[in-house]
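Take a look at the protein shown here. This report walks through its build, from the whole fold down to single residues.

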Amino acid sequence: MSDPASSVWRVETRTRAATVFLAVAALAVALAFAAPFFVSRSLLQDLFLILTMLVLAQNWNLLAGYAGLVSVGQQAFVGFGAYAMFACVSLGGLDPMLAILIAGIAAALLSVATGFFVFRLHGAYFAIGTWVVAEVVRLVLAQWRALGGGTGTSLPNAAIRDMAAVQWIADAFSVRASQAADILTYWLALALCCATIGFIYWLLRTRQGLGLSAVRDNQEAARSIGVDARRIKWAVYVSVAFVTGMAGALIYVQKARISPDAAFSVIDWTAYVIFIVVIGGIGTLEGPIIGVIVFFLLQKSLADFGSWYLLVLGLIGIAVMLFAPRGLWGLFSDRTGIQFFPVRRILKGGPSIDRQGTRGGPHG
């Protein structure tokens, strides 16, 4: 007689590699949190750049790699979130930390308003439509004279100095208010990055995540089994806009100065993000992490070469797409089978098979 429990099917996603990675990741986050205690201010600013670019890359990856919505206009939400934050702080007198949250809400509202236009488009037309939306938003905000018009403006010094927790950090670390603000924005970037990755991983492991993958692979087939493709895509589009808007606001709290051309730069906030996702591995959570590290190393190594820097990035991107279409992480994962964020569902268990080839069950 076989054990009744052996006849129970179960679905698993976690792997041994994922369990080990979870422990390593927890240690890495703890060290990252403590970084202001032992790294220089310039290195802290570099880490801030890595974290914020990773947030943008993970969100674009969710949008394009899982929802199948390839956008080249994500700078619309970066810039709009940044300008919303500046308006709240410079014109409304709010604390920048509160303004970051409001900026995310403002970007989400913008996505709802523009979504009725871009969701009428498909494929390459959708991509072009998102870029057109970004340009329109840039041109409109460039006319906002209260925030500097086309030349831009800066945050008031008092706004940064009086930001929540800045004085406490300055006293605890014995640093100036400007350096304390860098520490605070770095911690906020770390929290936003961890929350973004955690949320996307949780989402992909739910029924909604399974439906999202089905929509990406075959939208018509997904609809035939009851998946509301339009609702799922809308939810992802608005969620990505919300987080992207907060990231844009956080970036410009740290920069403390804004202009339309910088805030809505297609190269800085979309082209680089696409490069990170493509070389790392689109449609994976690990890919953008690998991609942002490679991007940062290339940026540090080649930034002094001027326009050649962009040319080298383009050649690397083309080479990866030709020889590793699933990115560097996809190439590694295909050869090793290792996944640090496993979302693939594996069916295990079921009725046991005895020596005579008959199925065992509760009654033998």
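The text below starts with the whole protein and then turns to selected residues.

## The whole protein

Keep in mind that this is a predicted model. The protein has 16 helices and 4 strands. Its C-alpha atoms fill a box of roughly 80 × 50 × 40 Å along the principal axes. How does the radius of gyration fit a compact globule? For 364 residues, such a globule would have a value near 21 Å. The protein has 23 Å, so the two agree.

Take the contacts between residues at least 6 apart in sequence: 77% of them join residues at least 24 apart.

The surface comes next. The protein exposes about 18300 Å². Carbon and sulfur atoms supply 65% of that area.

## The core

Buried residues make up 46% of the 364 residues. In soluble globular proteins, nonpolar side chains tend to be buried together. Here, the largest nonpolar core has 104 residues. Which members touch the most other members? They are Met53, Leu56, Leu62, Met85, Leu212, Tyr252 and Phe295.

Tyr252 shows what such a place looks like. Beyond its neighbours within four places in sequence, Tyr252 is in contact with Ala82, Met85, Phe86, Leu155, Arg257, Ile258, Ala262, Ala263 and Trp269. Met85, one of these partners, is also on the list of core members with the most touches.

Leu212 from that list is one of the buried residues of helix 9, which spans residues 207-217. Against what do the buried residues of helix 9 pack? They pack against helix 2 (41-66), helix 8, helix 10 (219-224) and helix 11 (229-255).

Helix 8 covers residues 177-204, and Ile197 lies in it. Asp182 has its place in helix 8 too. Is Ile197 buried or exposed? Its relative accessible area is 13%, under the 20% cut-off, so Ile197 is buried. Asp182 has 9% relative accessibility, so Asp182 also counts as buried.

Now look at their partners, leaving aside neighbours within four places in sequence. Ile197 is in contact with Leu54, Gln58, Ile289 and Phe341. Asp182 is in contact with Arg41, Leu44, Gln45 and Gln254. Ile197 can also be placed relative to Tyr66. The two are 131 residues apart in sequence, and their C-alpha atoms are 14 Å apart in space.

## A buried serine

Ser333 lies in helix 16, residues 327-336. At 10% relative accessibility, Ser333 counts as buried. Not counting residues up to four places away in sequence, Ser333 touches Ile338 and Gln339.

Which loops hold Ala165 and Ala256? Ala165 is in the loop between helix 6 (157-161) and helix 7 (166-173). Ala256 is in the loop between helix 11 and strand 3 (257-258). Each has a positive phi although it is not glycine. The table gives their values.

| Residue | Phi | Relative accessible area |
|---|---|---|
| Ala165 | near 80° | 37%, partly exposed |
| Ala256 | near 65° | 24%, partly exposed |

Definitions and conventions: Residues numbered from 1 in each chain as written. Predicted model: local features only at pLDDT ≥ 70, side-chain atom pairs only at ≥ 80, totals over all residues. Heavy atoms only, no water. Helix = DSSP H or I, 4+ residues; strand = E, 2+ residues; numbered from the N terminus. Buried < 20%, exposed > 50% of the residue type's maximum accessible area, 1.4 Å probe, protein only. Contact = heavy atoms within 4.5 Å. Rg over C-alpha atoms; globule rule 2.2 N^0.38 Å. Areas by Shrake-Rupley, 256 points an atom, 1.4 Å probe, with all protein chains shown as cover. Core = buried A, V, L, I, M, F, W, Y, C linked by side-chain atoms within 4.5 Å.
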